[in-house]
Structure formats: structure tokens, C-alpha cells
Amino acid sequence: MPDTLAPPDPGALRACMARFATGVTVVTYDGDDGPRGATMNSFTSVSADPPLVLISVARRARCHDQLHGKPFCVNILGAEQEALAVQFAGVPDAAEPRWTSGAGVPRLDNPLAWIECAPWRSYDGGDHTLLIGRVTGLGHRDGDALTYAWSRFGTLAESAGGIEHLI
Ligand SMILES: Cc1cc2nc3c(=O)[nH]c(=O)nc-3n(C[C@H](O)[C@H](O)[C@H](O)COP(=O)(O)O)c2cc1C
């Protein structure tokens, strides 16, 4: 099909996406020189059976080539873990990351939730690559969530009684 749509102004696309509130994750993996991580908010669940999740990784990120074909862990951050999000977005010394000892795939210590994945499929996503992982392990704890919207971090309190029945 011919591509007849004029490309949107990248600033306008960014402005729209800034209005889409997300959680914040650090995707961790075994790098060339030990455990590494990258902050990512383009994370979503894909399928329950088989259990699949997706991340979208910028081609220019260091982790892009290192993550390919490798297991990874999505660490969903809690409200008090903003400094880790800053650290793994490329600001050295913003935080002192601690790692869970004995985890098969490198994992942060005490994230709000973690989802460990084996590589399943990858797809071209323009200047990103979409990586789908098959869930191989997971866990969670109580606590408030770290959020990202309007180009700012925020928090969302844990609360009982949601709309689970609608989903
Ligand atoms: C809130 C937030 C969300 C981000 N989401 C993504 C993302 O979904 N995918 C991505 O490739 N980079 C994302 N980034 C940028 C990476 O965290 C950043 O490029 C990082 O330096 C990559 O690390 P690396 O180059 O060591 O792999 C995000 C940054 C922030 C602050």
C-alpha cells in the first residue's frame, strides 16, 4: 500500500504521547561487562496464553544490540525509586543500584514488580525494535507506583477495589 500520509511533526507526536500516562520500568539484562539496565516506559502486556510482554527499544540505545536474543527482566518501579529511573536513563551517580543476588537474569533489588522473560520474537519498529518476551518468572510487592506523564515523574497510590471486572 502506498504511504500517502504526510509524516506528522515529531514534536506534535511527542506532545500527544506526553499525555499518555504510563508506569516506569528498568529493563535489566546481562551486558558485556556485567548486569546492565535501561529505563523504559514503552512496555505493555501482550498475551496471557502464552504469557507475553513487549518492550520497544531504540536502535541508538546501547542496550539495543546487547538485548537481542537475550533473556531480560522488566523491573516495574515503585514511587520511591525515581532515582533509579534517572540513573538508567543515562545519568551516572543518580542512584546506587542494588541487584538481587542469585537471580538467573539480572534483576534490581526490590522493584514494585518484576517480570523475567525469555526472548520470543522481535519486529522492526522503525527507529526502535519491538522485543516480545515470554514470561519465565515474576513477583510483586505492595507499594505505590512510579508514573510518567507530561514529561514528568509522578506517583499513584496503591488502592483496593479497581475495575478488574471490566478487563
Ligand atoms: C521515562 C523514560 C522512558 C524511556 N523509555 C524508553 C523506551 O521505552 N525505550 C527506549 O529505548 N528508551 C527509553 N528511554 C531512554 C533510555 O532510558 C535511555 O536512552 C538510556 O540511556 C538507554 O540506556 P543504554 O544506552 O545504556 O542502553 C526512556 C527514558 C526515560 C527517562
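Predicted model: local features only at pLDDT ≥ 70, side-chain atom pairs only at ≥ 80, totals over all residues.

Student: Which strand does strand 2 join, and by how many bridges?

Tutor: Strand 2 (residues 25-31) joins strand 6 by 4 bridges, and the two run antiparallel. Look for Thr28: its bridge partner in strand 6 is Cys73.

Student: Is strand 6 enclosed or open to the outside?

Tutor: Count its buried residues. In strand 6 (residues 72-76), 4 of the 5 residues are buried, so the strand is largely enclosed by the rest of the structure. The cut-off for buried is 20 or more other C-beta atoms within 10 Å of the residue's own.

Student: What is the strand order in the sheet of 7 strands?

Tutor: The order is 3-2-6-7-8-5-4, in an open sheet with antiparallel pairing. Strand 3 and strand 4 (43-48) are at the edges; each has a single partner strand, so one side of each has no neighbour in the sheet. Direction ignored, neighbouring strands of this sheet are turned by 35° against each other on average.

Student: How many bridges join strand 7 to strand 8?

Tutor: There are 12 bridges, and the strands run antiparallel. One point to find is Ile115, whose bridge partner in strand 8 is Leu138. Then go to the hairpin of strand 7 and strand 8. It has 2 residues between the strands, and Gly126 there takes a positive phi near 65°.

Student: And which strand pairs with strand 8 over 7 bridges?

Tutor: Strand 5 does, pairing with strand 8 (residues 128-140) in the antiparallel sense. Leu52 stands opposite Arg134 in strand 8.

Student: What order do the strands take in the sheet of 3 strands?

Tutor: That open sheet reads 1-9-10, again with antiparallel pairing. Its edge strands are strand 1 (22-23) and strand 10 (152-156), each pairing on one side only. Strand 9 (residues 145-149) is joined to strand 10 by 5 bridges and runs antiparallel to it. Find Tyr148; its bridge partner in strand 10 is Phe153.

Student: Now the ligand. Which residues come nearest?

Tutor: List the shell, then sort it. There are 15 residues around the ligand, and Ser42, Ala58, Arg62, Cys63 and Gly90 come nearest. Strand 3 (34-40) and strand 5 (51-58) are the elements that give two or more residues to this shell. By class, the shell has 9 nonpolar, 5 polar and 1 charged.

Student: How many helices and strands does the whole protein have?

Tutor: The protein has 3 helices and 10 strands. From the N terminus, the elements run α-β-β-β-β-β-α-β-α-β-β-β-β.

Student: What radius of gyration does the protein have, and what would a compact globule have?

Tutor: The protein has 16 Å; a compact globule of 167 residues would be near 15 Å, which agrees. The C-alpha trace spans about 50 × 40 × 40 Å along its principal axes. Of the 167 residues, 22% count as buried.

Student: What share of contacts joins residues at least 24 apart in sequence?

Tutor: Among contacts between residues at least 6 apart in sequence, the share is 61%.

How values were computed
Residues numbered from 1 in each chain as written. Near = placed C-beta within 6 Å. Nonpolar A, V, L, I, M, F, W, Y, C, P; charged D, E, K, R; others polar. Pairing = 2+ DSSP bridges. Buried ≥ 20, exposed ≤ 12 C-beta atoms within 10 Å, placed from the backbone. Axes fitted to C-alpha atoms, helices over the stretch in contact; angles between N-to-C directions. Rg over C-alpha atoms; globule rule 2.2 N^0.38 Å. Contact = placed C-beta atoms within 7 Å.
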